[in-house]
Every structure is written in structure tokens, then in C-alpha cells.
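Colleague: I would like to learn how to read the side-chain features of a model. Please take them one at a time.

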Amino acid sequence: MHETLASAVAAVHRKCDEVVRDPLLDPAQSELLLAFFARARAGEVSLMADPAALPLLVGLCECGKANVDLAAGCTLYHRALRLFDDGSEHDLAAPGGPRRARVADNAALALTMVALDTLAAAVPAGRAEAARLSLRRHSLRAVAARHRELGGTITGGEASVRAHNADKSSGFALSAELAAVAAGCEPERVAAYCRIGEATAEIRQIDDDLHDLFVGPRRCDRERDAPSFPLACFAARARAAEQAELQRLRAELPGSLDAIRELLLAGPAARACAAAMEAARRAVHAEVAALFPAGSALDLHAEFVDAVVAELYRRLRLA
């Protein structure tokens, strides 16, 4: 099954490349997007980390055939959201200075348009309305989260940050849900796939938030004051003296980054993040087992989330 999935993912990559070579796009923009795709693919840590993997597995499990076009549409949508993120504009080989953000926004808009077109063509006509409603719901969640983040209107509470992250990362739920809709699943199974996507998104978002604690940030959430689940966990559990120390260290960024890392890893924040990821991992396993008690290709996805959480445990032991 791994080889079947690898072949399908490669087909999705070819489809995405073909889509952005549309002659209606400016040739320079097409080349910019192709380079962006190549850079994003090189950064995926495994086959299962590719945004096409989950929707492809849904199709393989439900109807024995990977819906390459739908997975391509989901991938294009995922890449568009990445470019709309103000930190991801640096993944684009665009001119520097103030033009970079504008070029990135325009590229993201182009990807959004071709993603919608690709998705519309990939869903059977009889299921188009259900797909439209799914796309509308998850897209509005994502853009609402982005608006709150840009406006600085997210409260720092743990539950609030967790809900914000679920909306911001709703593309994972969208891809699993759309694949189930396109495969002709009944509403209960569609909802189960959506829950798998939601739990996967939580694992990956917390993993992203923890990344700079172990590796060092490409763009620091603490400098941007962006919502961070580890910081929210710290605020909810740390003693007053620890919170005062964090505020002091934040005022001394970037030179205090190592000290902030040590403070968060030594306290309850990292353990709370691990507990949240473990709960989401168990949720994925429960949903997969309920859908396919005898096992299925979706076990590959369950193994992937196991690996992500296991890596966090390994890093915590070494910290």
C-alpha cells in the first residue's frame, strides 16, 4: 500500500505542476509557484506528511481508487493557505522588500482560484452541493482565524488558542471531508473523516508551535505575539514568578531565546502539549478503528500521527 500511495502522491504533484502552468497565468508567476511547490515538497518529512496523503487514503479505502484530482485540489488549497500566512511568504523566491508580501498574496490568490477550479472538476455532480457546503464552512473558519490573528483579537487562554488553531488548520478536516464526500460516503462516515482531519490538524499545529523550542524558529511566535499553544499552556499553569520571568525574557528577544526555551521545557507547558497531542492521537486511532475494524490503508495515517507524537516524546526526554 505504501508504494500505491507513493505513486498517487507523485501523480498529485504532477497534476499541481500542470495546473499552475496554465497559459492564462503569467509565465514568471508559474515558475515562482513551481519553485514554491518544490521547496514545500522538499520540506515534507515523510510521504504521509504530504497534504495529498490523507485525501488519497480516504479514496483508496472507500472506493479502492485514489482521487488524484481531488487530492491535487486539496493540495493547492493547502499551499494557498500557507502563502496567505505572513510568515510563509519567505518560502517564495520573490523579490525582497515591500513587494514580497504583495507578490505572495497574489500568488496565494492564484492558487486559491486554481484550487477551487480543480476541486469543482474532481467532485461528481451529484455530490457537488455537499462539497460546496464543506468548502464554504472550512474556508470561512480559516479566514476568520486569520482575521483574528491579524487583528490581535485572540485572547491568550488555552481553550481560546486551541479553538483558534482548529479553525486556522481546518484545511486538514476539509481535505478528509471532501474526499469522503467525493467517494459517496454517508454523512456519518463523512463526519468521522472530518474528525480524523481535525485531530490530525491539532497534532500538527502543536508540533509546529513546539518546533522553535527544539530547533529554533524560522519566524518566532513570541516575537510576533501570535497565538501559541505552548505559551497558553504555560500561562494557565505557571506560577506568578515563572510568568514574570517569561515577560522579562520576552523583552530581551532575540538574545533570550535559549532561556525562554529552557523555561518552557522545564515547566508544565511541554507536558500539557504532549498530553493534548496524545489525546488527539488516540482520537485518530479510535475513528480509524471504528471506520475499519478489520484494518485498512488508513492505518498508514494512524502510524504517521504515532510517529509525530513519538518524536515529541523523544525530544522531551533529551531536553
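Modeller: What follows goes through salt bridges, an aromatic pair, a core and a helix. This is a predicted model, in which local features need pLDDT of at least 70 and side-chain atom pairs count only at pLDDT 80 or more, while totals for chains, interfaces and linings use all residues. Residues are numbered from 1 along each chain as its sequence is written, and side-chain values use heavy atoms, with hydrogens and water left out.

Colleague: How many salt bridges does a search of the whole structure find?

Modeller: A salt bridge is a side-chain nitrogen of Lys or Arg within 4 Å of a carboxyl oxygen of Asp or Glu. The search finds 21 salt bridges. One of them joins Glu44 and Arg79, at 3.4 Å from N to O. This pair links distant parts of the chain, with Glu44 in the loop between α2 (27-43) and α3 (53-63) and Arg79 in helix α4 (residues 68-84), 35 residues apart. Helices are DSSP runs of H or I with at least four residues, numbered from the N terminus.

Colleague: Is Arg79 buried or exposed?

Modeller: Buried means under 20% relative accessible area, exposed over 50%, and partly exposed in between, using a 1.4 Å probe and protein chains only. Arg79 counts as buried because its relative accessibility is 4%. Glu44 is buried too, at 19%.

Colleague: What describes a pair of aromatic rings?

Modeller: The distance of the centres and the angle of the planes. Rings of Phe, Tyr and Trp (its six-membered ring) pair if their centres lie within 6.5 Å; planes under 30 degrees apart count as stacked, over 60 as edge-to-face and the rest as tilted. The structure holds 1 aromatic pair. The ring centres of Phe36 and Phe37 are 6.3 Å apart and the planes are at 45°, so this pair is tilted. Both Phe36 and Phe37 are buried.

Terms used
Helix = DSSP H or I, 4+ residues; strand = E, 2+ residues; numbered from the N terminus.
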